[in-house]
Amino acid sequence: MTMAKMESGLAEEARAELLAALAGRPLVGVERYSTALRTAYTGPAPFDVLRPALGLGCYSAWEPAMPGRVVAAEERTRVRSVAERHGWLRRVRHDAARHLVKLDRPPVVCTWYANARMHELAGPGGTVAAIDGEVRATIEAKHLFDDLLRAAGVPAVARIRCLHAERLPALSELRRAVGTERVVVQAGGTAGGAAGGAAGGRSTVIVADEGDMGRAVRLLGPYRVAAYVDGWPAAITVLSVPDRSGGGVRVYIDRPAHTSTGVPELGVGELRSAGNDWSRPWPAPAAALLVECAERIAVWAWRRYGVAGLFNLGALLTASERLYLCAIKWRHHESTEVSGVNQLSMGLPPFVLAHLAVMLGGRASWLGDPQEFNHRTLLRSTEPGGPFYAKIRLRRESPVRVAAGRGSGIYQLDHLGRLRWVRRGAHPLDARVDHGEFLLANLPDPDVVCHPGSDIATFEGVTGGGMSPFHGPGSASPFTRRVVEAVQQLFLPYEEPAAGRRAAP
C-alpha cells in the first residue's frame, strides 16, 4: 500500500483549526481503550494536539501511545473480564475526578456520545465533544432504521425486506412476511446489530427454528424483523461537516471495510464483532451504492436533527455483489481510529481532527472538495491494500496471566511460531506486515488476571493485500490464526492464592 506524503501546510492548517476550536482547553479521552486516539498522535504523521492530557479507560496504555496521564480500570482492579469491559467507567470515576479538578481549565471530553455521566465527568464549564445521547439513541434505534432509510431517500435496492411489530407473531407468519426461512429479529434498543449475515449484537437474534424464537421473544420490543441476507458484513466511516456558505453539509466518506464477526480463532463468538479489514478490494458498483447511501443519510441527519461529525454505516455484501444496508452507529467509534490510516495514505490528516473541530463549533476547511475526496475513495476501494485490526479474546475456560513477553509493540513470529519482539510501536503503519511484522496493542501487564472472554490484545497492521486478516466473515486467515495462537501461548493458568496468602506479583 503506497502512502502519499502529507503537505506540511495542510497538516499545520488542520492542527491550527483544531487548536482554535479547543481554545486552550485540555483534551480528555473517555473510551474503553485509553489510547483510542493513538493513530492520530503517533506514527509517521503525528498530531500532538490529539494526545489527551488525560485518558480514561478500561485498559492501560503503553509508550509511545501514552496520553499525558492515564486512569485505567485495570490499574485499580488488576483484572480483565467481560464484566469489567462493560462496567469499567464506574471503576475509574472517583480517581478521574481527582485528576480532572487538577486541570488548569475545564476540559473538552472526547467520547462516543454525550450523556449525563459524561457531562458529570466534564464538570462545570466542561464540554463533551460528542453527539447528544438522546439524538444518537433515536437515530440508532433498530425499529426505526427502515423509516430512516426511506426518509433519507436511500434506494430501495439497498433496503432489506422487513416488518415492524410491537409483539412477535408466530415464526411461520414472520417467514411469510419477509420471504425467507431464516429471519433476523432485532430489539428496539441501541446496542450494536445488523440485519442478516453473521453480524449483530446483544439485541439481535437470527431465528432458524422455534428454539431461536424462544430467545428472540425474550428481547424487549418493539421489534424489527428482517429477511435473512447471507452476506459479508461491511462498515463505512462517514464524516459530515457543516457548510458555512451553503447551510448544508459537506460529506466525506472513507473506504469501506469488510467486517469479520463470529470468528472462533479470535475467541469471538456468534454475533460479536472481531475486527475490520480495509485491505480487501470492493466491487465498484457496490462501493458506489454504499457511498451514495452514506451521503443521503448524512444530509438527512443534518436537515432532520442538525447533527454532523463522524458516524458508521453497516451493510451486507453478498456473493453476487449486491449491497444491503443493515445498521447505523451515529458516534465516534473505535474502528474510526484505524480507518484513519486510509486518510493518511491519501496524504490527509485523519477524520478525527475534523470531527472534534465540528463538535466544538469550529472549522475544518483543510478537507477540500468532498466530491473529489469521495471519487478518490471509490477508486481506492477497488484496489487491494489497506489497514486492518482484529480483536483477540481469551479462548480458555479459566483465568490466566501473561507469563512472558514485553507488552504492546511490534512483533514477528519465529520459525517455531512464537512471538518475537522487534521494537516499540503504537501505530498500524509502524509494522511492515508484508514482511511478517505486526502490531500487538493493548496487551495486559503480567500481574493482570484475564478471565474467559476478556480482551487480551488487538492485532493491527497495514498490508498491500497479500496478508489480509480474514478469509470470510467467520474465518481468520492462516496468518491471523498463527498470530492468535502465539498470543494465546503468552498466557499461563492463574491459580487463586490460598486464603490469607498474598498472590505472587
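Axes here are lines fitted to C-alpha atoms, for helices over the stretch in contact, and angles run from 0 to 180 degrees between N-to-C directions. Helices (H or I, at least four residues) and strands (E, at least two) are DSSP runs, numbered from the N terminus. The model is predicted: local features need pLDDT of at least 70, side-chain atom pairs count only at pLDDT 80 or more, and totals for chains, interfaces and linings use all residues. Residue numbers start from 1 along each chain as its sequence is written, and side-chain values use heavy atoms, leaving out hydrogens and water.

**View 1. Helix H7 crosses helix H10.** H7 spans residues 145–152 and H10 spans residues 284–305. Their axes come within 9 Å and cross at roughly 95°. The pair is therefore roughly perpendicular (65 to 115 degrees; under 35 counts as roughly parallel, over 145 as roughly antiparallel, the rest as oblique). H7 contributes Leu148, Leu149, Ala151 and Ala152 to the contact, and H10 contributes Arg296, Ile297 and Trp300. Contact means heavy atoms within 4.5 Å. By class, this contact has 6 nonpolar, no polar and 1 charged residues. Ala, Val, Leu, Ile, Met, Phe, Trp, Tyr, Cys and Pro count as nonpolar, Asp, Glu, Lys and Arg as charged, and the others, Gly among them, as polar.

**View 2. Gln412 sits in strand S21.** The strand covers residues 409–413. Gln412 is buried, at 16% relative accessible area (buried is under 20%, exposed over 50%, partly exposed in between; 1.4 Å probe, protein chains only). Its side chain makes a polar contact with the side chain of Arg420, at 2.2 Å. A polar contact is a pair of N or O atoms within 3.5 Å; within protein, one must be able to donate a hydrogen and the other to accept it, and residues adjacent in sequence count only if both atoms are side-chain atoms. Leaving aside neighbours within four places in sequence, the contacts of Gln412 include Leu419, Val422, His435 and Phe438.

**View 3. The largest nonpolar core holds 39 residues.** Such a core is a set of buried Ala, Val, Leu, Ile, Met, Phe, Trp, Tyr and Cys residues joined through side-chain atoms within 4.5 Å. Leu266, Leu440, Phe459 and Val487 touch the most other members. Elements that each supply at least two residues include S21, strand S22 (419–423), strand S25 (455–463) and helix H14 (478–488). H14 gives the largest share, 5 residues. A second, separate core of 37 residues includes Ala14, Val241, Leu344 and Leu348.

**View 4. Cys162 lies in strand S9.** S9 runs over residues 162–165. Cys162 is partly exposed, at 22% relative accessibility. Cys162 and Ala226 are 64 residues apart in sequence and 4.0 Å apart in space, C-alpha to C-alpha. Not counting residues up to four places away in sequence, Cys162 touches Asp146, Val178, Arg224, Val225 and Ala226.

View 5. Most residues other than glycine have a negative phi, and most peptide bonds are trans. A cis bond joins Glu63 and Pro64, with omega about 10°. Ala23 has a positive phi, near 55°, and is partly exposed at 41% relative accessibility. Asn442 has a positive phi of about 65°, and is buried at 5% relative accessibility.
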